[in-house]
Amino acid sequence: MNRDFQIEEPKKIEIGNNVGISIRSFISGGGGVSIGDNVLIGPNVNIFSANHNYKAPNIPINKQGHTLKKVIIKNNVWIGSNSIILPGVTIHENVVIGAGSVVSKDCESNSLYAGNPAKLIKKLY
């Protein structure tokens, strides 16, 4: 595991065995993050488990608080470089996330997802 990455709220983050986290990646643990075994996280990947609230126009956005939603990344997942994983997402087993993807919805097992927003490209197995 590379040491040049950033973790916010590490007590809310679970990391399995044989996980690789590449350079300049960021994991925000506020809402909880669970990373399974044999996961590869490419360079410059951002994983967010919290989002700013913004629905009250009469309250400054920086005073509206956050919504917390756990991110779950199951076993044997590869997240390509420069991808963003948004709050509340579950990435199931044996998934590849293409470089530069924005994952805003759950990803089903044994699949390749890519794009902004990330979409199912094909089943792998």
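Is serine 28 buried or exposed? Some notes on that and on the strands around the model.

1. Ground rules. This is a predicted model, where local features need pLDDT of at least 70, side-chain atom pairs count only at pLDDT 80 or more, and totals for chains, interfaces and linings use all residues. Residues are numbered from 1 along each chain as its sequence is written, and side-chain values use heavy atoms, with hydrogens and water left out.

2. Serine 28. It's buried, at a relative accessible area of 5% (buried is under 20%, exposed over 50%, partly exposed in between, with a 1.4 Å probe and protein chains only). Serine 28 sits in strand 4, residues 26-28 (strands are DSSP E runs of at least two residues, numbered from the N terminus).

3. Its surroundings. Leaving out residues up to four places away in sequence, serine 28 touches Glu8, Val33, Ile47, Phe48 and Ser49 (contact is heavy atoms within 4.5 Å). With glutamate 8 there is also a side-chain polar contact of 3.4 Å (a pair of N or O atoms within 3.5 Å; within protein, one must be able to donate a hydrogen and the other to accept it, and residues adjacent in sequence count only if both atoms are side-chain atoms).

4. The aromatic pair. The structure holds one (ring centres of Phe, Tyr or the six-membered ring of Trp within 6.5 Å; planes under 30 degrees apart are stacked, over 60 edge-to-face, the rest tilted). Phenylalanine 26 and phenylalanine 48 make it, tilted, at 5.8 Å centre to centre and 55 degrees between the planes. The partners are 22 residues apart, in strand 4 and strand 7 (residues 46-48), so the pair links distant parts of the chain. Phenylalanine 26 is buried at 14%, while phenylalanine 48 is partly exposed at 27%.

5. Four strands run in the order 2-5-10-13, with parallel pairing (two strands pair if DSSP finds at least two bridges between them). Strand 2 (13-15) and strand 13 (90-91) are the edges; each has a single partner strand, so one side of each lacks a neighbour in the sheet. Strand 10 (residues 71-73) pairs with strand 13 over two bridges, and isoleucine 72 stands opposite threonine 90 there.

6. Strands 14, 16 and 17. Strand 16 (residues 111-114) pairs in the parallel sense with strand 14 (residues 95-97) over three bridges, and in the antiparallel sense with strand 17 (residues 119-123) over four. Leucine 112 is the bridge partner of valine 96 and also pairs with lysine 122 in strand 17. In the hairpin of strands 16 and 17, with four residues between the strands, glycine 115 takes a positive phi near 110 degrees.
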